[in-house]
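Please open the structure in the viewer and keep a selection tool at hand.

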Amino acid sequence: MLRSSVVRTAATPDRDTLGSLLRHYTGAGAPLSCEPVAEGLLNHGYFLATTRGRYFLKHHLDGDRAALTRQHRAGRRLAALGLPVAPPVADADGRTVTVLDGRCYALHPWVEGHHLGGAALTRGQSWQLGALLGLVHTALEQVMADEPHPPRPPCADAAADPERTFEMIDELLALARGARPRTSFDELAEHRLLERRALLAQHAHHRPAPGAEPPAGWVHGDFHPLNVLYRDAEPTAIVDWDRLGVQPRAEEAVRAAAIFFVRPCGTLDLAKVAAYAGAYRRACGAGADELAAAVHRVWWERLNDFWMLTWRYQLGDRRTDPQFPAAAALAVWWTREYRAVRNAFTR
């Protein structure tokens, strides 16, 4: 999921900008239309039609050319191994990042497809999804072997401090209670904050110990339903590699499952989780202990996490509001059904 402390926007590139951009590419043609199709905090995306074809144009707001080049190199190598990715088009000079007026752009082939959440996936497709993520992790280990690991913050693997969480709960409670006009969302937020505070007080001693994180490796970094495209029932492209980095691999598998397979009522479809997790373990060789450690750390992370409320009350950004009811209920249900969730990932 995307998280940031800054909300940024950018205008759709005008025809002159698009013309300048396309002139860098051999055979890309002239622009016909450019329509927004995705707006995130790390990039904006556009459907670009030209006289020669259709493309996905990505405006990278961060503009970190070294990171973009690394992402693009990974994409090309993964595609060469046969994984369903859509690496960027290289320009006439072999570059995949174009800078115009200080803005970084990448041009990708347009991939037709649709998104499928866990509710739409069969158990067989859930198995297929887990196998795909396991293959991604093993393939990344291979294709990124010669890449230096990007620096990680000193606290990257530290488990959330419940004392800091209690402070955050108090801050968000004040904002939710002071919201005007007061809505049902504000009432739900207050209820969940109070509920979570009580749960944290009860389970604070279960904070993961330092060094308990599973083995780290290169991961996609944001594997969820909006970043997997399907054609009919088959995955046709994994997109949005902006968070490519080094993290505990099994934690990405658990986080992805908690997004794919959460029901609107805030429970997980454990039968599908078990199929997905079994395929993941088989594909990448992850053991039950590795998954158990990841389940514990992601559970703790969810118990201490209020990023959706931070977006609403501190950033004034309500895009994640529809996700909040299920996500907030999941943390409570997961705590109650902790053993069943762990078993689904490890057996």
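Begin by selecting arginine 197 and aspartate 170, whose side chains meet in a salt bridge with an N to O distance of 2.8 Å. This pair links distant parts of the chain, since arginine 197 belongs to helix α5 and aspartate 170 to helix α4, 27 residues apart. Arginine 197 is partly exposed, at 30% relative accessibility, and aspartate 170 is likewise partly exposed, with a relative accessible area of 42%. Please bear in mind throughout that the model is a predicted one.

**Between α4 and α5**

Next, select residues 180 and 181. Arginine 180 and proline 181 are joined by a cis peptide bond, with omega at about -5 degrees. Most peptide bonds are trans. Proline 181 sits in the loop between α4 (162-178) and α5 (184-203).

**From α5 to α9**

Select aspartate 186 and arginine 312. Their side chains form a salt bridge, at 3.5 Å from N to O. Which parts of the chain does this pair tie together? Aspartate 186 lies in helix α5 and arginine 312 in helix α9 (residues 307-315), so the pair connects parts that are 126 residues apart in sequence. Are these two residues buried or exposed? Aspartate 186 has a relative accessible area of 1% and is therefore buried; arginine 312, at 8%, also counts as buried.

Aspartate 321 is buried, with a relative accessible area of 13%. Apart from its neighbours within four places in sequence, aspartate 321 is in contact with Phe185 and Arg312.

**Helix α2**

Now select residues 65-80, which form helix α2. This helix has 16 residues and reaches 22 Å from its first C-alpha to its last, close to the 22 Å expected at 1.5 Å a residue. The buried residues of α2 are Ala67, Leu68, Arg70, Gln71, His72, Ala74, Gly75 and Leu78. An α-helix has 3.6 residues a turn, so residues three or four places apart point the same way. To see what covers the buried residues of α2, display, among others, β3 (54-60), β5, α3 (123-143) and β6 (216-219). After α2 comes glycine 82, whose phi is positive, near 95 degrees.

Within α2, select arginine 73 together with glutamate 147. These two residues form a salt bridge in which the closest N and O atoms are 2.5 Å apart. Arginine 73 lies in helix α2, whereas glutamate 147 lies in the loop between α3 and α4, so the pair ties together parts that are 74 residues apart in sequence. Arginine 73 counts as partly exposed, at 25% relative accessibility, while glutamate 147 counts as buried, at 9%.

**A network of salt bridges**

How many salt bridges does a search of the whole structure find? The search finds 23. For a group of linked residues, select Glu213, Glu251, Arg255, Arg297 and Glu301, which are joined in a network of salt bridges.

**Where α7 meets α11**

Select residues 270-284 and 338-346, which are helices α7 and α11. Their axes come within 6 Å and cross at roughly 40 degrees. The two helices are therefore oblique to each other. On the α7 side of the contact are Leu270, Val273, Ala274, Tyr276, Ala277 and Arg281; on the α11 side are Ala340, Val341, Ala344, Phe345 and Thr346. By class, this contact of α7 with α11 has nine nonpolar, one polar and one charged residues.

**Two aspartates with positive phi**

Most residues other than glycine have a negative phi. Aspartate 101 has a positive phi of about 55 degrees although it is not a glycine, and this residue is placed in the loop between β4 (98-100) and β5 (103-109). Is aspartate 101 buried or exposed? With a relative accessible area of 77%, aspartate 101 is exposed.

Aspartate 232 also has a positive phi, about 60 degrees, without being a glycine. The loop that holds aspartate 232 runs between β7 (228-231) and β8 (234-238). Aspartate 232 has a relative accessible area of 64% and is therefore exposed.

Conventions
Residues are numbered from 1 along each chain as its sequence is written. This is a predicted model: local features need pLDDT of at least 70, side-chain atom pairs count only at pLDDT 80 or more; totals for chains, interfaces and linings use all residues. Side-chain values use heavy atoms; hydrogens and water are left out. Helices (H or I, at least four residues) and strands (E, at least two) are DSSP runs, numbered from the N terminus. Buried means under 20% relative accessible area, exposed over 50%, partly exposed in between (1.4 Å probe, protein chains only). The expected span of a helix is 1.5 Å times one less than its number of residues. Contact means heavy atoms within 4.5 Å. Axes are lines fitted to C-alpha atoms, for helices over the stretch in contact, and angles run from 0 to 180 degrees between N-to-C directions. Angles under 35 degrees count as roughly parallel, over 145 as roughly antiparallel, 65 to 115 as roughly perpendicular and the rest as oblique. Ala, Val, Leu, Ile, Met, Phe, Trp, Tyr, Cys and Pro count as nonpolar, Asp, Glu, Lys and Arg as charged, and the others, Gly among them, as polar. A salt bridge is a side-chain nitrogen of Lys or Arg within 4 Å of a carboxyl oxygen of Asp or Glu.
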